[in-house]
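Let's take a walk through a two-chain model together, one part at a time. Keep the structure open beside you as you read.

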Amino acid sequence: MLFNISYTTLNFLFFVLVTMLVYFLFPAKKYKWTVLLAVSVFFYAVAGYKFAFFILFTSLTTYIVALWLERVSGKSKKLLKEKKKEWDRDQKKKYKSRIKTQKRLIMTLALVLNFGILAFLKYYNFFAGSLNDILGGFGVGFSAPTLKLFLPLGISFYTFQSMGYIVDVYREKTAAQKNPFKLLLFVSFFPQIIQGPISIYDQLANQLYEPHAFDFTRMKHGMELILWGFFKKLIIADRAAIIITAVENDYANYGGSALTFTILLYAIQLYADFSGGIDISRGVAQIFGIDLMENFKRPYFSKSINEYWRRWHISLGGWMKNYVFYPVAMSNVFITAGKKMKGSRFGKTAAGAHVSKVLPTAVASLIVFLIVGVWHGDNWKYVAFGLWNGVIIMLSILMQPLFDGAVDKLHINRKNPFFVGFQIFRTLLVVLVGYVFDVAPSFSEGMRTIALFFTGQNVALGVEQIGKIGLLPQDYCVLIVASLVVLVASIIQERHPDTDIRTMLDQKPYLVRLVVLYVAVMSIVIFGIYGSGYNAADFVYMQF
Amino acid sequence: MKFQDKITRTVKVAIFLLSVMASCLVLQHYFLRNVDHNSLRVEGFYQEPRDSLDAVFIGASDIYSSFMPGRAYEQYGFTSYLLASEAITSEGIKTAVKEVVRTQHPGIVVIEANAFLYGDNDNDSNQAHIHKFFDNLPLSVNKLDFITHNVPVDERWEYVFPLIKYHSLWTEYPDRINMMASNLSLDVRGYNYLKGYRTTAQIIKTDSPCLNSKLSEENGELELDPNLEAQLNDLLDYCDQHHLKVVFVRAPHYVTKETYNRVKRSNRMARLCNERGYHYYTLENDAEHIGIDPKHDFYDRDHMNVYGALKFTDYLAEKLMYLEGLEADVLKEDLTDNWKDAVTATNQLYRYCDDLMSKSKEVRGAQEDVVTLVTLGEYSGATIKTK
């Protein structure tokens with residue numbers, strides 16, 4: 001890194017300010033997008049110039065393959081038009097099938113190349129280590145070498161985004177981009193390169209290429225969103241990270257109560273960190289007239305784990321749904337299996353009818369979450385994390401009629417606040433168990449932690465252990481107050497889903513707005529964790 | 001949008017931005033600032049009216065605990081200030097000289113040699129020592145020059161806006177109230193009573209034999225650290241270019257076997273300075289001649305207490321007047337009271353320390369802070385007579 005340009009530095013704010021000036025004063029409206037491209041390339045080069053090759057390779061292969069796919073589609077359509085009268089139905093069907101196979105091969109080539117790089121860099125050492133463990137267990141002398149690999153900045157995010165675009169071109173949902181530089185901008189747009197959101201080409205690309213004039217309200221809202229992101233990241237997430245990092249570094253020596261507290265704190269930290277970072281990304285993009293998709297919708301208010309994953313990391317969930325879940329659930333294998341079950345004796349029963357209907361969905365969900373787990377990292381604990389979520393979702397789909405029946409039999413009003421509260425609490429517990437595998441250094445430590453939840457609670461010891469970490473009482477006060485602010489804001493947003501707090505704030509008198517924004521800025525200035533006295537934490541999702 | 005609405009919007013935005021900026025500046029200067037004696041000393045220097053000082057002393061604790069500007073004014077009539085900071089680096093010395101050139105045109109600049117006498121270059125990269133001086137300098141071309149050439153890119157903002165580094169000091173209140181109030185009172189008053197002088201009320205306690213009696217005959221030399229020698233040459237080049245009247249001085253120390261090499265490096269530095277046409281007073285070697293009693297006049301091995309400082313001040317002031325031709329400019333009328341206060345405060349501080357030491361009480365940091373200044377009111381400010 002030439003110099004630190006991460007989102008929470010003054011360098012970054014200065015960089016955004018200069019970009020704003022250049023973008024809005026750029027005389028050639030038609031080519032305003034080149035400013036965004038130039039600054040995105042600069043940003044990536046500064047943040048990780050050593051890895052530029054990888055993003056360029058992905059952009060180039062994506063560009064070529066998309067054009068290739070479009071060319072094959074175009075040619076086949078032209079030929080079909082020409083041979084419309086000459087060919088009979090079978091010939092046309094055969095030709096279409098051949099073209100489909102050809103296109104699938106081309107698409108697969110891009111997917112294998114790009115996901116191959118990602119998988120190699122991210123998982124090679126994990127597989128080599130696992131293989132060595134297995135072979136060692138059988139007494140085989142072979143040992144796969146481990147390599148010193150690095151992960152290019154944002155590789156998961158830009159690979160997923162690019163490959164989504166390839167699939168969309170393959171499906172002919174979108175036209176291939178003819179201008180390689182425009183495609184490079186789509187892949188490397190600087191506000192989202194570090195941790196997403198993973199955008200869909202149709203939603204983002206045109207916004208990037210359109211010339212946007214300066215709009216005061218957009219700029220104001222963008223800056224307010226950035227401010228909110230800083231509030232969550234610098235005041236809450238980075239303060240909580242001090243404890244979490246200390247526990248992670250000496251995990252085995254902490255007791256059940258300390259670990260319980262850490263997991264609870266991790267839930268707060270992860271949300272504040274990730275959603276804070278996304279708010280900064282979206283805020284910066286909004287200043288330039290670009291709306292990035294929302295990535296969070298108050299996930300901890302979810303009433304089921306299914307709903308939680310629709311509210312948490314929405315762009316990844318959307319990507320998985322479009323490009324993994326549907327292709328798997330709608331595949332011949334799954335549909336045939338469902339039909340077979342429906343025709344069986346079990347399928348004739350009430351439960352069997354339900355199971356055979358939802359089985360493809362349930363199994364596809366399990367596969368999706370297994371991939372989500374593996375995406376999080378090269379460790380068995382992440383596999384466990386994915387499986388835990390996948391199994392819970394699969395069971396909830398399969399057993400839905402059972403739950404519904406129980407609720408009906410108990411005459412529970414589904415809108416009763418206590419029942420809703422119970423559902424939220426239940427979901428949160430499931431989420432927290434999943435987080436154990438995030439925080440614990442290994443799968444076995446994760447299992448030990450879960451056991452300690454039930455058998456190792458010692459509050460006095462926990463207070464002593466956490467107290468030794470060195471976070472001051474004043475810091476805990478700040479953490480609590482700031483978390484409450486986020487909670488209140490989330491409740492307001494939850495009650496008014498059609499609007500946002502910024503728009504609501506606009507309707508208040510100037511003095512109120514002035515005070516609110518002033519307090520927000522000064523809170524960050526005074527209570528934020530930043531500067532060289534601290535080892536400011538990177539965004540948690542940056543590592544993915 | 002109407003023109004009037006645009007104006008209204010601009011004014012509203014400006015009010016917001018100005019409120020935030022003003023608040024940050026107030027926080028940075030008073031509430032979330034690492035105020036210590038270095039801050040008060042450096043800030044006091046910039047409060048001195050332009051071109052009002054006859055002499056400026058630059059260096060580390062070796063000089064701010066040794067020379068009493070109040071005493072020098074009272075006895076010899078010249079005004080002076082200690083632009084000094086704890087363990088100041090060689091870069092700090094150079095920047096201080098540049099700041100003196102920018103803000104004052106004194107008859108003489110006296111540089112205490114300590115920053116160049118370290119056995120290695122470690123002090124020059126000690127971030128704490130760098131911050132102690134540079135954080136307190138107002139933003140100027142000289143400060144920016146230092147930042148550009150010496151501070152890693154990622155840390156530069158912290159030197160421009162120290163609030164970035166010190167914003168978390170709110171956790172240290174109420175312990176910091178004394179220094180915050182001292183900073184505030186200095187700003188309200190507009191001048192530093194002690195002109196940068198600071199001491200510790202203590203008489204040295206050590207079993208290590210003192211070698212000061214041998215120093216007058218010590219002519220041995222030891223090479224300076226190459227980086228520090230280069231910095232010295234750089235400094236001398238700057239002084240040449242600006243035709244500055246600069247003298248170097250080495251203040252007396254309680255020299256032991258462990259610190260003996262510094263004496264030899266001081267001799268070497270003296271020769272280097274002399275070769276370039278600059279006077280260097282090796283007063284460390286002359287400690288006995290000055291009348292510094294090793295058992296009585298130091299508070300630790302590196303610093304003299306008020307007894308030693310009084311003798312040293314008189315001795316050095318005479319050297320500067322009679323050997324270097326330092327002349328006291330006629331003081332502007334409105335500054336007379338300011339300097340009378342300095343004399344009174346210095347004499348009160350001497351008596352305060354004397355009182356404590358005679359009762360075997362120890363006070364670290366007898367300095368320009370509110371608590372100390374209030375205590376000084378109990379003591380007489382009359383002239384101290386040398387025994």
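## The domains of chain B

In chain B, the domain assignment (bounds that come from an automatic or database domain assignment) gives domain 1 as residues 1–31 and domain 2 as residues 34–376. The C-alpha centres of these two domains of chain B are 41 Å apart. Where they touch, domain 1 of chain B supplies five residues and domain 2 of chain B supplies six; two residues are in contact if their C-beta atoms, placed from the backbone, lie within 7 Å. On the domain 1 side of chain B, four of the touching residues are nonpolar, one is polar and none is charged. Here Ala, Val, Leu, Ile, Met, Phe, Trp, Tyr, Cys and Pro count as nonpolar, Asp, Glu, Lys and Arg as charged, and the others, Gly among them, as polar.

A word on how to read all this: the model is predicted, so local features need pLDDT of at least 70 and side-chain atom pairs count only at pLDDT 80 or more, while totals for chains, interfaces and linings use all residues. Residues are numbered from 1 along each chain as its sequence is written, and chains are lettered from A and ligands numbered from 1 in the order in which they are written.

## The overall build of chain B

Chain B holds 16 helices and nine strands. Helices (H or I, at least four residues) and strands (E, at least two) are DSSP runs, numbered from the N terminus. With a radius of gyration of 22 Å, close to the 21 Å that the globule rule gives for 387 residues, chain B is as compact as a globular protein of that length. The radius is taken over C-alpha atoms, and the rule is 2.2 Å times the number of residues to the power 0.38.

The C-alpha trace of chain B spans about 85 × 50 × 45 Å along its principal axes. Of the 387 residues in chain B, 46% are buried. A residue is buried if 20 or more other C-beta atoms lie within 10 Å of its own, exposed if 12 or fewer, and partly exposed in between, with C-beta atoms placed from the backbone. Among contacts in chain B with a separation of 6 or more, 84% join residues 24 or more positions apart.

## One residue in a strand of chain B

Now zoom in on Val363(B), which sits in strand β9 (residues 363–366) of chain B. Is Val363(B) buried, exposed or partly exposed? Val363(B) is partly exposed, because 16 other C-beta atoms lie within 10 Å.

Leaving aside neighbours within four places in sequence, Val363(B) is in contact with Thr200(B), Ala201(B) and Leu356(B). Lys143(B), by contrast, is 220 residues from Val363(B) in sequence and 34 Å from it in space, C-alpha to C-alpha.

## The overall build of chain A

Chain A has 23 helices and zero strands. Its radius of gyration is 26 Å, close to the 24 Å that the globule rule gives for 544 residues, so chain A is as compact as a globular protein of that length. Taken along the principal axes, the C-alpha atoms of chain A fill a box of roughly 85 × 70 × 60 Å. In chain A, 37% of the 544 residues count as buried.

## A helix with a buried face

Helix α1 (residues 10–25) of chain A has 16 residues and reaches 22 Å from its first C-alpha to its last, close to the 22 Å expected at 1.5 Å a residue (1.5 Å times one less than the number of residues). Which residues of α1(A) are buried? They are Val16(A), Thr19(A) and Tyr23(A). Seen down the axis of α1(A), these fall within an arc of 65°, so they line one face of the helix; the arc is that of the directions from the helix axis to the C-beta atoms. An α-helix has 3.6 residues a turn, so residues three or four places apart point the same way.

The cover over the buried residues of α1(A) includes α2 (32–48) and α10 (256–287) of chain A. The face turned away from the buried side of α1(A) carries the exposed residues Phe14(A), Leu17(A), Val18(A), Leu21(A) and Leu25(A).

## Where the chains meet

Finally, chain A gives 18 residues to the contact and chain B gives 19. Helix α23 (residues 510–527) of chain A gives the most to the chain A side, with eight residues. The chain A side divides into 13 nonpolar residues, five polar and no charged.
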